[in-house]
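Please examine the sequence and the model below. The paragraphs that follow lead through selected features in turn.

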Amino acid sequence: MDIFIDTANLDEIRQANDMGVLDGVTTNPSLVAKEKVDFHKRLGEICEIVSGPVSAEVVSVDHDGMIREANALTKIADNIVIKLPCIVEGLKACKTLSDRGVRVNMTLCFQSLQAMLVAKAGAFLVSPFLGRIDDIAGDGVQLISEIRTIYDNYGYDTRILAASIRHSKHLVDVAKAGADVATVPFSVIKQMMSHPLTDVGLEKFLADWKKGQG
Ligand code: G3P
């Protein structure tokens with residue numbers, strides 16, 4: 001499973017990238033607003049650090065506006081992926097951009113039928129938001145499984161990007177459910193390589209080694 005970081009913070013992106021296992025970056029308008037920086041400039045900085053797909057979201061809600069924004073965003077770097085919302089205008093824009101060879105990430109996906117339509121429109125990625133589904137007492141992992149089944153039944157190439165990840169168990173669950181990618185907040189990326197028994201075990205190995213040398 002590919003691991004993307006879900007942030008617009010350069011320090012977090014650098015630290016995750018230095019771990020050597022980062023495959024891409026996703027941003028959204030809320031994450032960019034938190035940074036209080038120029039959007040296009042920040043995207044350029046991110047693309048200098050990470051060579052994998054970097055998702056940049058439009059804020060227009062009509063087809064023509066989305067395409068205008070996408071035209072400007074794709075000029076920033078070759079690895080920019082255009083993020084569009086799962087609404088009818090987004091679906092139309094997805095088809096227009098995908099037909100031109102622009103990679104699109106369809107975001108705010110909350111049901112498998114949205115995922116089916118965006119796959120038909122040629123989306124490169126679809127982003128089901130499992131944490132937000134769990135927040136309203138739904139089953140986010142079940143949505144990933146359903147989309148996996150539908151995509152496999154019909155041979156759709158769109159990659160399933162599990163988004164709105166809240167904790168490391170979500171990652172285990174979406175990996176088992178067959179997500180192609182998970183986009184993960186930095187706090188959860190850090191949890192992935194950490195276990196208290198690893199720390200205790202390492203401490204004991206080193207203490208025993210010292211004794212043996214002594
Ligand atoms: O970037 C999309 C998604 O991962 C947002 O997650 O935590 O705001 O529900 P969250």
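In this predicted model, the cysteine sulfur closest to that of Cys47 belongs to Cys94, and the two atoms are 20 Å apart, which is too far for a bond. A disulfide is a covalent bond between the sulfur atoms of two cysteines. Cys47 itself is buried, with a relative accessible area of 13%.

Cys86 presents a second case. Its closest cysteine sulfur lies in Cys109, at 4.8 Å. A disulfide requires the two sulfur atoms to be within 2.5 Å, and the sulfur atoms of Cys86 and Cys109 are therefore too far apart for a bond. Cys86 is also buried, its relative accessible area being 14%. A search of the whole structure likewise returns zero disulfides.

The account now turns to the ligand. The space that the ligand takes is the largest pocket. Around the ligand stand Asp6, Asn28, Lys83, Phe129, Arg132, Ala163, Ser164 and Arg166. Sorted by class, this shell comprises four charged, two polar and two nonpolar residues.

For Arg166, an N or O atom of the side chain is 2.6 Å from a ligand oxygen. Asn28 has a polar side-chain atom 3.0 Å from an oxygen atom of the ligand, and for Lys83 the corresponding distance from a polar side-chain atom to a ligand oxygen is 3.5 Å. The ligand taken alone would expose 310 Å², of which the protein buries 82%.

Terms used:
Residues are numbered from 1 along each chain as its sequence is written. This is a predicted model: local features need pLDDT of at least 70, side-chain atom pairs count only at pLDDT 80 or more; totals for chains, interfaces and linings use all residues. Side-chain values use heavy atoms; hydrogens and water are left out. A residue is near a molecule or strand if one of its heavy atoms lies within 4 Å of it. A polar contact is a pair of N or O atoms within 3.5 Å; within protein, one must be able to donate a hydrogen and the other to accept it, and residues adjacent in sequence count only if both atoms are side-chain atoms. Accessible areas come from the Shrake-Rupley method with a 1.4 Å probe; for residues, only the protein chains shown count as cover. On a 1 Å grid over the protein atoms alone, a cavity is a set of points where a 1.4 Å probe fits but cannot get out, and a pocket is an open set with protein on both sides within 12 Å along at least five of seven lines; lining residues have an atom within 4 Å of a point. A molecule sits in a cavity or pocket if more than half of its atoms lie within 2 Å of its grid points. Ala, Val, Leu, Ile, Met, Phe, Trp, Tyr, Cys and Pro count as nonpolar, Asp, Glu, Lys and Arg as charged, and the others, Gly among them, as polar. Buried means under 20% relative accessible area, exposed over 50%, partly exposed in between (1.4 Å probe, protein chains only).
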